[in-house]
Amino acid sequence: MTVSISPESIETRLFMNGEFVESSNNKTFELLSPKTLKLVAKVHEASAEDTNRAVESAKAAQPAWAALRTEERGFYLKKLADLIRQHDNEFATLEALSMGIPVSEYWQAAQCAKTFDHYSEAGYSNQGTTSLNTPGFINMTLRQPYGVVAAIIPWNYPIVFFASKVAPALTVGNTVVLKSSEKAPLTLQSIRLAGLIKQIGFPPGVINVITGFGNISGAILSHHMDVRVLSFTGSTRTGRLIQEAASKSNLKVVFLELGGKSPAIVFDDADLEAAVSDTQSSIQSNSGQTCMAISRVYVQDTVARKFTALFKAKFSSSAVLGDPMHPDTNHGPQADQVQHENISRYIEIGKQESTMILGSDSPPSNDSGYFIKPTIFADAPEDARIMQEEIFGPVVVINTFTTEEEVLQKANNSEFGLYASVYTKDLDRAMRFVRGLEAGTVGVNCTSPTTAKDMPFGGYKGSGIGREGWVCSMDNFLETKTVLIKTG
Ligand code: ADP
């Protein structure tokens, strides 16, 4: 269900030290609806001075926040989870307006609330170890917060990333500066999340939410000497810049969750209908704007014709493109003009490199929104750009293979390694692929976006550094101190 939100009621200021403030140089940028191409809001852009002030606020607030009892910090997180749930419809509406996620597909606020719920009670599992292995000593480790954590997030699932980074960092006593993406700042910047943080009365400075572009606020956070951990989700290109900035500044700890070019391998003994349904939903999810989307499908040649026909029929019939606010729409526009142009360019490249079997013959127009029709290419050479580069749209390549050795080599022939799937009923074969696939997550007879909350998520190779998940994320935000106590 949508709610009516008037443009004037959308809060677009920066949130720091417990208050909404205008950007120090009064600079704003325009956020356009990807459906109507009309102005949704003018958003305050964090300047260098604002970004530094946000870090200062977080630094000042950290000792007192860390000194609270674990359940006191948990209490704030729990309250936030409850309020997020109550405002689900507003979040859905804001995200549909600003980045085009269909309201019918909106599950992000519910997941964000669950994550805050989880971490509201997880704090006591922060424990060190003890050792009596050195004669004359009792030794132990303590796990302590780093201090100020920065989070830089993308636009495709803003409040999901907000929760997965902010909640574990806070529960163990860090404070946070989060920079949202300039493409989708509203759910975070607006009264709907920062406003809820204010309403609950989090101590000022514990959570600071700013927005702006990478080359000012993002770069300042990456270089900042008082930021001790930076957790980033976004493109591989930006991930490289952040790691470089960290090594040029204070060697802050960096976690990078980057892009993907995920393969699914379908053998002829698999449940073909299930494999079609899963892989098609994977590439259509969020209009293909998902880092773990299956964008390369390898089908055994003996069933390739059948698989491709089923996939094409499903992809062309199940995607209902339209107004993201309409309850029947399940496939919204791409997030903005830049994304639309990038994908359109890749589609033209794909037409030169291989055979298009579903899609638009003419280059996509943007007269009625940044829509891209479901697109399938077949038989692309392994070194084609559409096989090697992340397109981040509803564009999939279906290639064929004959042998296990051949397809494993092809699936791994990528600088990315986020997610990979194998469909087969042969358990031994499945296990050979589980071992051989170079990916942070391997699905057997299932595929992305299937994940498990308690399992680590992250990339092999160029898809990232480090892992996130309900069990491992708290660890990302804790230093380890060894304490040696001489007992005489
Ligand atoms: P996308 O192209 O999908 O928007 P990006 O990696 O460019 O992915 O953006 C993800 C996030 O990284 C956004 O919040 C963006 O503002 C930020 N960002 C972009 N460039 C930089 C940079 N040089 N340093 C730090 N953050 C950046």
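Which side chain meets that of Lys59 in a salt bridge?

1. **Lys59 and Asp226.** The model is predicted. In it, the side chain of Lys59 meets that of Asp226 in a salt bridge, 3.4 Å from N to O. This pair links distant parts of the chain, 167 residues apart. Lys59 sits in helix H1 (residues 48-67), and Asp226 in the loop between helix H8 (214-223) and strand E10 (227-233). Lys59 is partly exposed at 44% relative accessible area. Asp226 is also partly exposed, at 28%.

2. **Arg429 and Glu404.** A salt bridge joins Arg429 to Glu404, with the closest N and O atoms 4.0 Å apart. Here too, the pair links distant parts of the chain: Arg429 belongs to helix H15, Glu404 to helix H14 (residues 404-411), and 25 residues separate them. Arg429 is buried, with a relative accessible area of 12%. Glu404 counts as buried because its relative accessibility is 18%, and buried means under 20%.

3. **Lys410 and Glu406.** Helix H14 also holds both partners of another pair, Lys410 and Glu406. Their side chains meet in a salt bridge at 2.9 Å, N to O. The two residues are 4 apart in the helix, so about one helical turn separates them. Lys410 is buried at 18% relative accessible area. Glu406, at 25%, counts as partly exposed.

4. **Salt-bridge total.** The count for the model is 19 salt bridges. Some form a network, which links Lys78, Asp82, Arg85 and Asp117.

5. **Strand E13.** How many of the 7 residues of strand E13 (residues 294-300) are buried? The count is 7 of 7, so the strand is largely enclosed by the rest of the structure. E13 pairs in the parallel sense with strand E12 (residues 262-266), over 5 bridges. Ser262 has Ile294 of E13 as its bridge partner. E13 also runs parallel to strand E16 (residues 395-401), again with 5 bridges. There, Val297 is partnered by Ile398 of E16.

6. **Crossover.** E12 and E13 belong to a β-α-β unit with helix H10 (residues 272-284). The unit is right-handed.

7. **Nonpolar surface patch.** Leu427, Met431, Val434 and Val444 form a nonpolar patch on the surface. Together they have about 320 Å² of accessible area. Helix H15 (residues 427-436) gives the largest share, 3 residues. Val434 is in helix H15. At 34% relative accessibility, Val434 is partly exposed. The buried Arg429 lies in helix H15 as well.

Terms used. Residues numbered from 1 in each chain as written. Predicted model: local features only at pLDDT ≥ 70, side-chain atom pairs only at ≥ 80, totals over all residues. Heavy atoms only, no water. Patch = residues over 30% accessible without salt bridge, like charges linked within 9 Å, V, L, I, M, F, W, Y side chains within 5 Å. Areas by Shrake-Rupley, 256 points an atom, 1.4 Å probe, with all protein chains shown as cover. Buried < 20%, exposed > 50% of the residue type's maximum accessible area, 1.4 Å probe, protein only. Pairing = 2+ DSSP bridges. Right-handed = clockwise from strand over helix to strand, strands pointing away.
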